[in-house]
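Please find below my notes on the model you sent.

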Amino acid sequence: MDKIILEGMEFFGYHGAQLEERTLGQRFILDVELFLDLRPAGSSDDLDRTINYALVFDRVQSIVCGRSYQLIEALAEAVAKELLEQFPADQVKVRVKKPQAPVPGRFTWLAVEITRGKNSL
C-alpha cells in the first residue's frame, strides 16, 4: 500500500495526566502516515487526486493545539479519527511523541502509536 508521510511535526500543547502539564504545556512531536493508492496522482500529476500535505498539517495542528487531553492515547485517537473523516485515506498511523514527559531519567521521547482504518471509526 502506498502512503503519504508527515514526520516530525512539532506543536506546543496542553496534554498530560498531571495538572502541571495541562497548565504549563509542552512540546509534542507527531508522525502521521496516510495509506492510499497514489497511482492516480502519480500518473496524472494532479493535486486533486492525492492528499494535500499542507491541509493534513493544518488539521493535526488544530487538534494538538486545540483542546487538552489527559492521555496522548486520546490525542492520537482524535488525530486518527479526524484524518480518516476528512481525507480519502484507507488507513492512518499516528505516533505522538512526548519528549518532555514527567518521568525521572534520561530519554529522547516517550510515545504511543496507533493504526486505524476507515472500518474502525
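The points below take up a lysine, the nonpolar core and a glutamate.

1. This is a predicted model, and the remarks here should be read with that in mind.

2. Lys 98 lies in strand 3, which covers residues 91–98. Is Lys 98 buried or exposed? Its relative accessibility is 8%, under the 20% cut-off, so Lys 98 counts as buried.

3. The side chain of Lys 98 makes a polar contact of 2.6 Å with that of Glu 21. Leaving out residues up to four places away in sequence, Lys 98 also touches His 15, Gly 16, Gln 26, Phe 28, Ile 72, Phe 107, Trp 109 and Leu 110. Arg 39 is 59 residues from Lys 98 along the chain, and their C-alpha atoms are 35 Å apart.

4. The largest nonpolar core comprises 29 residues; Leu 30, Leu 34, Val 60, Val 79, Leu 83, Val 94 and Val 96 have the most contacts inside it. At least two residues of this core come from each of strand 1 (3–13), strand 2 (26–35), helix 3 (53–64), helix 4 (72–86), strand 3 and strand 4 (110–117). Helix 4 contributes the most, with seven residues. In soluble globular proteins, nonpolar side chains tend to be buried together.

5. What does Val 94 touch, beyond its neighbours within four places in sequence? Its contacts are Leu 30, Asp 31, Val 32, Ala 76, Val 79, Ala 80, Val 112, Glu 113 and Ile 114.

6. Glu 82 belongs to helix 4. With a relative accessible area of 16%, Glu 82 is buried. Apart from residues up to four places away in sequence, Glu 82 touches Arg 59 and Ile 63.

Notes:
Residues are numbered from 1 along each chain as its sequence is written. This is a predicted model: local features need pLDDT of at least 70, side-chain atom pairs count only at pLDDT 80 or more; totals for chains, interfaces and linings use all residues. Side-chain values use heavy atoms; hydrogens and water are left out. Helices (H or I, at least four residues) and strands (E, at least two) are DSSP runs, numbered from the N terminus. Buried means under 20% relative accessible area, exposed over 50%, partly exposed in between (1.4 Å probe, protein chains only). Contact means heavy atoms within 4.5 Å. A polar contact is a pair of N or O atoms within 3.5 Å; within protein, one must be able to donate a hydrogen and the other to accept it, and residues adjacent in sequence count only if both atoms are side-chain atoms. A nonpolar core is a set of buried Ala, Val, Leu, Ile, Met, Phe, Trp, Tyr and Cys residues joined through side-chain atoms within 4.5 Å.
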